[in-house]
Amino acid sequence: MNDTATPAPAPPSPSSELRAALSEAGLRAGVADTEAGNLVRIAPLDPVDAQQLARLIRTGTKRALKAARALREICAGYRIDLPGLRVRQGRITLGPIQVDDAARLARLLNAVPPATAHPGADTAPDADTVRAMLIQAFPQSTGGALSVSVREHTPDLLDLGSIDARTARRLIRALQF
């Protein structure tokens with residue numbers, strides 16, 4: 001018996017992984033690393049192959065794209081601006097949000113503002129308070145987690161992380177009722 005560990009094989013390069021995926025899908029495309037080595041180049045595609053690739057991408061991201069569109073629409077209805085909302089790597093990134101919009105979202109998710117030193121004060125909650133409200137309310141409303149951070153040099157903005165399509169659909173349902 002040999003006690004020397006066999007090194008794990010190196011993961012395939014991004015270009016070889018893309019080349020294999022395109023080939024498996026029946027698409028003919030040249031894929032190569034660039035001279036700089038940090039980018040992958042796809043050779044010009046036949047128009048039919050380009051259309052098929054577009055269909056495959058849309059099919060693969062259909063649920064996330066549909067959930068992102070519905071979330072964008074329902075948030076717009078509540079005047080909540082999520083300018084960075086986009087699908088990235090199969091997840092829905094919510095992105096930056098103004099503190100006032102984040103507070104509105106937290107209230108719609110039934111967040112309870114923490115007790116303040118000035119009860120009844122009509123002041124808008126600060127970013128840290130809104131962050132705490134969202135962190136408390138989001139999992140209760142959706143069953144999922146959401147990272148929320150306060151921008152260091154822009155205290156009127158929060159950064160919301162990404163969620164999967166299932167959590168987005170639960171968020172949409174929570175905002176509908």
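Biologist: Which residue in strand 6 is the bridge partner of Ser 149?

Modeller: Asp 159 is the bridge partner. The model is predicted: local features need pLDDT of at least 70, side-chain atom pairs count only at pLDDT 80 or more, and totals for chains, interfaces and linings use all residues. Numbering starts from 1 along each chain as its sequence is written, and side-chain values use heavy atoms, with hydrogens and water left out.

Biologist: What makes strand 5 and strand 6 a pair?

Modeller: They are joined by 3 bridges. Pairing takes at least two bridges found by DSSP, so they qualify. Strand 6 covers residues 157-163, and the two strands run antiparallel.

Biologist: How do you know that strand 3 and strand 4 pair?

Modeller: The bridges number 3, in the antiparallel sense. Arg 86 stands opposite Thr 93 in strand 4. The hairpin of these strands has 2 residues between them, and Gln 89 takes a positive phi near 55°.

Biologist: How many bridges link strand 4 and strand 6?

Modeller: There are 6, again antiparallel.

Biologist: What is the order of the 4 strands in the open sheet?

Modeller: The order is 3-4-6-5. Strands here are DSSP runs of E, at least two residues; helices are runs of H or I, at least four, and both are numbered from the N terminus. The twist averages 25° from one strand to the next.

Biologist: Why does one side of strand 3 and of strand 5 lack a neighbour in the sheet?

Modeller: Strand 3 (86-88) and strand 5 (148-150) stand at the edges, each with a single partner strand, so one side of each is left without a neighbour.

Biologist: Which helices lie across strand 4?

Modeller: Helix 3 (residues 62-77) lies across strand 3 and strand 4 (91-98), at about 25° to strand 4. Helix 6 (residues 165-176) lies across strand 4 and strand 6, at about 120° to strand 6.

Biologist: Why are helix 4 and helix 5 called roughly parallel?

Modeller: The axes of helix 4 (residues 99-108) and helix 5 (residues 127-142) cross at roughly 30° and come within 9 Å. Angles under 35 degrees count as roughly parallel, over 145 as roughly antiparallel, 65 to 115 as roughly perpendicular and the rest as oblique, so this pair is roughly parallel.

Biologist: Which residues of helix 5 make the contact with helix 4?

Modeller: Ala 127, Val 130, Met 133, Leu 134 and Ala 137 of helix 5 do. Helix 4 brings Val 99, Ala 102, Ala 103, Leu 105, Ala 106 and Arg 107. Contact means heavy atoms within 4.5 Å.

Conventions
Axes are lines fitted to C-alpha atoms, for helices over the stretch in contact, and angles run from 0 to 180 degrees between N-to-C directions.
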